[in-house]
Amino acid sequence: MMGEEFLSLEPIVVAVILAMAAATIVTKVGGLWLLSRFDVSDRVEAGLSVLPGAIVVALLGPELAKGGPAEWGAAAVVVLVMWRTENILLALVAGVIAVVAFRSIG
Amino acid sequence: MSTDPDTDESSPPEPSETVSERSASEVDTDSVTFSREGIRIGFLTCAPIAIGVAGYGVAFGVLARQSGLSVAEAALMSAVVLAGASQIVAVELWADPIPIATVVFATFAINLRYSLMGAALEPWFRHLTSKQVYGSLFFMVDENWALTMREFKSGGSLGAFLLGSGIVLWLFWVASTILGATVGGAIGEPEQYGFDFILAAVFVALAVELWDGSSTLLPWLVALGTAIAAANVFPGQWYILIGGIAAALVEVIRHDG
């Protein structure tokens, strides 16, 4: 019956999912846990202070590089709207509309 | 959102001026509190983004069904793993028998970037109890980490923002997984509506806010260059980690240099 197949929970599948969850939780709490356990020198702290921007740029660079003119143009729209309005929602909406529009042109 | 004059965007943490035990960032973040109001504001701020993320939840649900998971199993994975990219890779790797070690290791490797993101929250999260911190971190994904950094960097003091924004993402992620796994491919590709661009747009907007003048330029160029180079050499998402660590190392070397 279809309902059974929809709701079935095989023990081995559940075990793998729980192992994935455990691995993910280790990554999510691990960095902060390490920081709270050990005293960090101001030199290391200087390195950590650039992390937010560095992660953003490291995630974004290859993402945009594998896109095309439509994505680059839409990213420029987000920068412009964000810079002029400082309204993140407006910037996101403008970016998504721009990417759809630019893709339909390209 | 904060009225505290101490939390001023124009004076970012300058560890070079202080000793390690009491860094400037500690002074800047003293007003951080964990409140119901923070959960509410995080929830509402992130709701529009959660709707976009739901496009991926539907796609994940469809893929999970195609890989042989039941609706209940797909929903369980979204509820307890809550990390989109790693879940999509996992169901792509899924086979009979399940390659358990490959799936779990791939999940760990893809999500390792969360350790750096969590570490970046430390100046603000040090004012919360460990229950609040670890409860919030479970709900941390790329999108709400970005929104939370933005909240804190602009002087906000809502310690519960990550939790609130994570809860709305969790709700939409699980619900859209169930939808995708149930109705299948009827919804179409997220690309069709530009949903695939939302994550990039969130990060572009955050980059605009994190830009802090010329001192930002060198670490950002290092992160950008190494990430693009690493993306061409290594599989998966190692480039995020490599770019972030390279920039931090350069800053550590440059410090006092």
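How many helices and how many strands are there in chain A? Chain A has 6 helices and 0 strands. Keep in mind that this is a predicted model. Follow the sequence of chain A and the pattern reads α-α-α-α-α-α. Chain A has 106 residues, and 44% of them count as buried.

Now bring in the partner. About 6600 Å² of area is buried between chain B and chain A. Carbon and sulfur atoms give 77% of that area.

What holds charge against charge here? The rule finds 1 salt bridge across the interface of chain B and chain A. Asp196(B) and Arg103(A) form a salt bridge through their side chains, with 2.7 Å from N to O. Polar contacts can be counted too. Between chain B and chain A, 11 residue pairs are in polar contact, with both residues at pLDDT 80 or more.

Next, step inside chain B and find Glu143(B). Glu143(B) sits in helix 9, which covers residues 142-153. Is Glu143(B) buried or exposed? Glu143(B) is buried, yet Glu143(B) has no salt bridge. The nearest side chain of opposite charge belongs to Arg113(B), and that side chain is 7.2 Å away. A salt bridge needs the side-chain nitrogen within 4 Å of a carboxyl oxygen, so a pair must come within that cut-off to count. Look at what surrounds Glu143(B) instead. Leaving out residues up to four places away in sequence, Glu143(B) touches Ile49(B), Val53(B), Leu169(B), Leu199(B) and Val202(B).

Finish with a residue in a loop. Ser70(B) lies in chain B between helix 2 (36-66) and helix 3 (71-80). Is Ser70(B) buried or exposed? Ser70(B) counts as buried because its relative accessible area is 1%, and the cut-off for buried is under 20%. Now trace the chain from Ser70(B) to Ala181(B). These two residues are 111 residues apart along the chain.

Notes:
Residues are numbered from 1 along each chain as its sequence is written. Chains are lettered from A and ligands numbered from 1 in the order in which they are written. This is a predicted model: local features need pLDDT of at least 70, side-chain atom pairs count only at pLDDT 80 or more; totals for chains, interfaces and linings use all residues. Side-chain values use heavy atoms; hydrogens and water are left out. Helices (H or I, at least four residues) and strands (E, at least two) are DSSP runs, numbered from the N terminus. Buried means under 20% relative accessible area, exposed over 50%, partly exposed in between (1.4 Å probe, protein chains only). Lys and Arg count as positive and Asp and Glu as negative; His and the chain ends are not counted. Contact means heavy atoms within 4.5 Å. Buried area is the accessible area (1.4 Å probe) that two parts lose on being put together, summed over both. A polar contact is a pair of N or O atoms within 3.5 Å; within protein, one must be able to donate a hydrogen and the other to accept it, and residues adjacent in sequence count only if both atoms are side-chain atoms.
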